[in-house]
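Please consider the structure shown below.

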Amino acid sequence: MSQLQRIAIAPSQLQQGQIALTKEQQHYLTRVLRLREGDRFIAMDGKGKWWLTQLAGEQGQVLEPLIVETELPVAVTLLIALPKGNGFDEVVRCCTELGVTNIVPVLSDRTLLQPSPQKLERWQRIAAEAAEQSERAFVPTILEPVAFSSSLKLTSSHKYICEARGNFPHLMSKVEGLTNDKEIIIATGPEGGWTQQEVDNAIASGFQAVSLGRRILRAVTAPVVALSLVSAACEV
Ligand code: SAH
């Protein structure tokens, strides 16, 4: 089960054990994930129900419902400003172990280096390996790097931007008590930090500025700490 990719479906797509896949889902499964006829994937309805599913033409044939035990009770999307060098490899590995759902590498004002397409494949491979070793039910999605300004459009009622300086509430106090099927988005900045403009734009887009504690963490440490706090707050 560990290396299966997953897609979100609308509950209405499932009827009598068959999932009517949309054109976009078919494209994603066969072109992006390169699944072939008969390959398996996980279909999720976004309401806590998961099914082991087999690709059958334009349909998904449900094989069995899945009982998910190794996933966080909340879906966490991390927007991570790309650090210099190969630092992101370790971030992907650790965050996968900790239960991240989606990782969005972001290009911020202070990190303009556009990574090569090979990097994305490498991160996806690292995520798949880490998901397997952590016995997770699915592999997190690593999206294509995007400009921070575009990633601000992602919607969720729980969006946080981690800011190293300033008197902001602790992330822990915000996520404590969040329950099943909540989606959380957390942004962490690059070595040089976010610019004031980026923080202001994020706040204007519905993000809340939060602290991860009193010490300044490195860009590669901050997402790992943020995710650890979420699991501590939501899983115990
Ligand atoms: N050079 C910057 C710090 C950058 S730390 C400065 O001196 O201000 C890299 C990123 O990690 C930050 O942009 C922030 O998103 C996150 N971060 C590090 N420590 C943090 C803390 N104590 N609270 C919240 N976010 C933190």
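Around the ligand stand 20 residues, and Cys-162, Arg-165, Gly-189, Leu-212 and Arg-215 come nearest; a residue counts as near a molecule if one of its heavy atoms lies within 4 Å of it. This is a predicted model, in which local features need pLDDT of at least 70 and side-chain atom pairs count only at pLDDT 80 or more, while totals for chains, interfaces and linings use all residues. Residues are numbered from 1 along each chain as its sequence is written, and side-chain values use heavy atoms, with hydrogens and water left out.

Several polar atoms face the ligand. In the side chain of Arg-165, an N or O atom is 2.7 Å from an oxygen atom of the ligand. Backbone atoms also take part: an N or O atom of the Glu-191 backbone lies 2.8 Å from a ligand nitrogen atom, and a polar backbone atom of Leu-217 is 2.9 Å from a nitrogen atom of the ligand.

A pocket is defined on a 1 Å grid over the protein atoms alone, as an open set of points where a 1.4 Å probe fits, with protein on both sides within 12 Å along at least five of seven lines; lining residues have an atom within 4 Å of a point. The second largest pocket holds about 380 Å³ of space, a volume being the space filled by probe spheres set on the points.

The chain is assigned domain 1 (6-66) and domain 2 (75-234), bounds that come from an automatic or database assignment. Their C-alpha centres lie 27 Å apart.

Asn-102 belongs to strand 8 (residues 102-107), strands being DSSP runs (E, at least two residues) numbered from the N terminus. Leaving aside neighbours within four places in sequence, Asn-102 is in contact (heavy atoms within 4.5 Å) with residues including Arg-6, Val-76 and Thr-141.

Finally, the C-alpha atoms of Leu-33 and Gln-5 are separated by 7.9 Å, although these residues are 28 residues apart along the chain.

How values were computed. Helix = DSSP H or I, 4+ residues; strand = E, 2+ residues; numbered from the N terminus. Polar contact = N/O pair within 3.5 Å; in protein donor to acceptor, adjacent residues only side chain to side chain.
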